Each structure stands twice: as structure tokens, then as C-alpha cells.
Amino acid sequence: MTALLVHSGSLTDVECALQLGWASIEILHASLPTQAIRLLETSRPSVVVIDTGDGGLRLAKEVRRRSNAVIVAVSSRYDALVAFSYAFIFLVVAASSDVIV
């Protein structure tokens, strides 16, 4: 199994959780949407974890257009209302039941 983490900072907690769940998981990293799309096309990950920050919504839509990978949206924001709003928008934009927030 392969997971793609798209983030501008650190998603250490997410990476550790993925490794605990799947001992043999290969984790790829991208800091830019263009890198993420390139890795999406060449590596065909099963899971794509996207930080909801800059460009996250556009990237989720592009991932959904190009792949059937499960999309996991994460946010470092602590404002519950803002985080809920992003989660709702991700569900609508990605238009798939395979979005986990």
C-alpha cells in the first residue's frame, strides 16, 4: 500500500498513524500540488492525505478527477467552526464517499 502526504509543514502524527496501521506502507511526500499530481500519476497511491491549507481544495478536486484513492483531509487549525467548514467543503468538492475528514 502507498500513501501520499501533501503538506507544507509536518504531518508526523499522520505518518506515524499510517505506519502503525500498515507496517509495510510506503509513504511519499509532496510539498506542492504539482509534485503531488506527479506522484499521484507515477505511484498510484491508495490514500492521499491533504492539508486543507493553501490550494488543498483545488488539489482534492484534481486528485478525485485523476484517481480513486481515498482522500483524507487534515488541518492544523484549532478553530472548530473553521475546521468543520473546510471538512464540509472538501466533501462537496471531492464529490465522493471516499473522503475522510
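## A buried serine

S67 is buried, with a relative accessible area of 12%; buried means under 20% relative accessible area, exposed over 50%, and partly exposed in between, taken with a 1.4 Å probe and protein chains only. S67 sits in the loop that links α3 (56–66) to β4 (70–74). Helices (H or I, at least four residues) and strands (E, at least two) are DSSP runs, numbered from the N terminus. The side chain of S67 comes to 2.9 Å from the backbone nitrogen of A69. This is a polar contact, that is, a pair of N or O atoms within 3.5 Å; within protein, one must be able to donate a hydrogen and the other to accept it, and residues adjacent in sequence count only if both atoms are side-chain atoms.

The model is predicted: local features need pLDDT of at least 70, side-chain atom pairs count only at pLDDT 80 or more, and totals for chains, interfaces and linings use all residues. Residues are numbered from 1 along each chain as its sequence is written, and side-chain values use heavy atoms, with hydrogens and water left out.

## The chain as a whole

The chain has 4 helices and 5 strands. Along the sequence they follow the pattern β-α-β-α-β-α-β-α-β. Of the 101 residues, 38% count as buried.

Among contacts in the chain with a separation of 6 or more, 56% are between residues 24 or more positions apart. Contact means heavy atoms within 4.5 Å.

## Strand β3 and its neighbours

β3 is largely enclosed by the rest of the structure, because 5 of its 5 residues are buried. V47, V49 and D51 point one way from the strand, while V48 and I50 point the other way. β3 pairs with β1 in the parallel sense over 4 bridges, and 5 bridges join β3 to β4, also in parallel. Two strands pair if DSSP finds at least two bridges between them. In β4, the partner of V48 is I71, and A73 stands opposite I50. β4 is itself mostly covered, with 4 of its 5 residues buried.

V47 belongs to β3 (residues 47–51) and is buried at 8% relative accessibility. Leaving aside residues up to four places away in sequence, V47 touches M1, T2, A3, L4, A69, V70 and V72. V47 and L4 are 43 residues apart along the chain, yet their C-alpha atoms are separated by 6.3 Å.

## Two helices with a buried side

The buried residues of α2 are A36, I37, L39 and L40. They lie on the same side of α2, because they cover an arc of only 165° around the axis. The arc is that of the directions from the helix axis to the C-beta atoms. The cover over these residues includes β1, β2, β3 and α3. The face of α2 turned away from the buried side carries the exposed residues T34, R38 and T42.

In α3, the buried residues are G56, L59, A60, V63 and R64. Their arc is only 135° around the axis, which puts them on the same side of α3. R58, K61 and R65 are exposed on the other side of α3.

## Nonpolar cores

A nonpolar core is a set of buried Ala, Val, Leu, Ile, Met, Phe, Trp, Tyr and Cys residues joined through side-chain atoms within 4.5 Å. The largest core has 15 residues, of which L4, V6, A36, V48, I50, L59 and V63 touch the most other members. β1 (2–6), β2 (26–30), α2 (33–43), β3 and α3 each supply at least two residues of this core. α2 gives the most, with 4 residues. A second, separate core of 9 residues includes A3, I27, V47 and V74.

## A positive phi after α2

R44 is found in the loop between α2 and β3. R44 is exposed, with a relative accessible area of 54%. Just after α2, R44 takes a positive phi of about 50°. Most residues other than glycine have a negative phi.
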